[in-house]
Amino acid sequence: MGLIIVNTFNYSALIRTFNSEQTLPLTLTSLRLQTNPPSEYIFVDSGSTDNTLQLLPPCSKVHHYIGTEFNYSESLNQGLQYVSTEYVLIISSHTSIRHNSAIEFALGLFASNERIGASYFRPSDSQILTVKLIDKHNFNGYNGLWNASSLIKVPLLRRRGFRPEVFTAEDQEWARWLFHDENMAIACITGAGVLNSNPRQDCLKKRLNENVSIAYFSNPELLSVANLMRTAFTVVKPNLPFALKNRIFYFLLFFRLLACHFFEPKSKSRYF
């Protein structure tokens, strides 16, 4: 799909920070170099003790997270109150968008299709911007949204924010709401040169929490007996890549999915 050129749209960049001095400069540089850079920067900081707050652009709006424990949904909902534009780019301080026309491309999709309520940039090796629409017909619980780098219509977020009890997968649960309650779609964009430097992205506990949260809150079919059996079989599957690590993962996942049939899963959010 070719690049859609549109008139300039104003949008806000909403960025969560916590001791982000090593990764935030790359995030800010990638936004500054966009053909359509943000009209305002909003930061939700969770108690940084390094030089993070000295790196912020002039005239940034800074909100100090309110709460005894960090929660992804709460941090986004709190930051949203400062947004004054129709669109908001939710981007983590460890994420950068290296294709300089990526956001202009995403805004063009909104302009050309009123059914699109949000978009997100999926990491890939491609250098060509392409888009696939996700809606209730092809949503699998994993492909709905990605809050490390997503552009969303603000009125929709004001109508229904992120649920604090949905740990880790609050973006997927919100996408499910958008698909089923609003009958809208989300644009999944590849080729934006997204770089994600989250040191915990391959953490075993994080992977488990994501899969459990998605199954319980976003795609209940993953709690079915058939999927439980597939998960159990994977534990003993021959030639499993990274065998020991993945066998442990699927072994623990089986029991955590099984437990979801008896009580609601709970977990705490972490920035990193």
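Colleague: Leaving aside its neighbours within four places in sequence, which residues is Thr-27 in contact with?

Modeller: Thr-27 is in contact with Ile-91, Ser-92, Ser-93, His-94, Thr-95 and Ser-96, once neighbours within four places in sequence are set aside. Contact here means heavy atoms within 4.5 Å. Before going further, note that this is a predicted model: local features need pLDDT of at least 70, side-chain atom pairs count only at pLDDT 80 or more, and totals for chains, interfaces and linings use all residues. Residues are numbered from 1 along each chain as its sequence is written, and side-chain values use heavy atoms, with hydrogens and water left out.

Colleague: Where does Thr-27 lie, and is Thr-27 buried or exposed?

Modeller: Thr-27 lies in helix α1, residues 24-32. Its relative accessible area is 0%, so Thr-27 is buried. Buried means under 20% relative accessible area, exposed means over 50%, and partly exposed is in between, with a 1.4 Å probe and protein chains only. Helices (H or I, at least four residues) and strands (E, at least two) are DSSP runs, numbered from the N terminus.

Colleague: How many helices and strands are there in the protein?

Modeller: The protein has eight helices and 10 strands. The radius of gyration is 19 Å, close to the 19 Å that the globule rule gives for 272 residues, so the protein is as compact as a globular protein of that length. That radius is taken over C-alpha atoms, and the rule is 2.2 Å times the number of residues to the power 0.38. Along the principal axes, the C-alpha atoms fill a box of roughly 55 × 45 × 35 Å.

Colleague: What share of the residues counts as buried?

Modeller: Of the 272 residues, 54% count as buried. As for the contacts with a separation of 6 or more, 78% are accounted for by residues 24 or more positions apart.

Colleague: On to α2. How many of its residues are buried?

Modeller: Helix α2, residues 72-80, is mostly covered, with seven of its nine residues buried. Those are Tyr-72, Ser-73, Ser-75, Leu-76, Gln-78, Gly-79 and Leu-80.

Colleague: And what covers the buried residues of α2?

Modeller: The cover includes the strands β1 (11-17), β2 (40-45), β3 (61-64) and β4 (87-92), together with α4 and α5. Phe-70 lies in the loop between β3 and α2. At 16% relative accessibility, Phe-70 counts as buried. Its C-alpha atom is separated by 26 Å from that of Ser-30, 40 residues apart along the chain.

Colleague: Change of topic: charges. How many positive and negative side chains are there?

Modeller: There are 26 positive and 21 negative side chains, and the centres of the two sets lie 6 Å apart. Lys and Arg count as positive, Asp and Glu as negative, while His and the chain ends are not counted. Each charge is placed at NZ of Lys, CZ of Arg, CG of Asp or CD of Glu.

Colleague: How many salt bridges does the structure hold?

Modeller: The structure holds eight salt bridges, each being a side-chain nitrogen of Lys or Arg within 4 Å of a carboxyl oxygen of Asp or Glu. One of them joins Glu-182 and Arg-159, at 2.6 Å from N to O. This pair links distant parts of the chain, with Glu-182 in the loop between α5 (170-181) and β9 (185-190) and Arg-159 in helix α4 (residues 154-159), 23 residues apart. Glu-182 is partly exposed at 24% relative accessibility, whereas Arg-159 is exposed at 52%.

Colleague: Which residue forms a salt bridge with Glu-173?

Modeller: Arg-160 does, with the closest N and O atoms 2.7 Å apart. Arg-160 is in the loop between α4 and α5 and Glu-173 in helix α5, 13 residues apart. Arg-160 is buried at 19% relative accessibility, and Glu-173 is buried at 5%.

Colleague: What about Glu-210: with which residue does Glu-210 form a salt bridge?

Modeller: Its partner is Lys-206, with the closest N and O atoms 2.5 Å apart. The two are four residues apart in helix α6 (residues 204-218), so about one helical turn separates Glu-210 and Lys-206. Glu-210 is partly exposed at 25% relative accessibility, and Lys-206 is buried at 16%. Elsewhere, salt bridges that share partners join Arg-160, Arg-163, Glu-165 and Glu-173 into one network.
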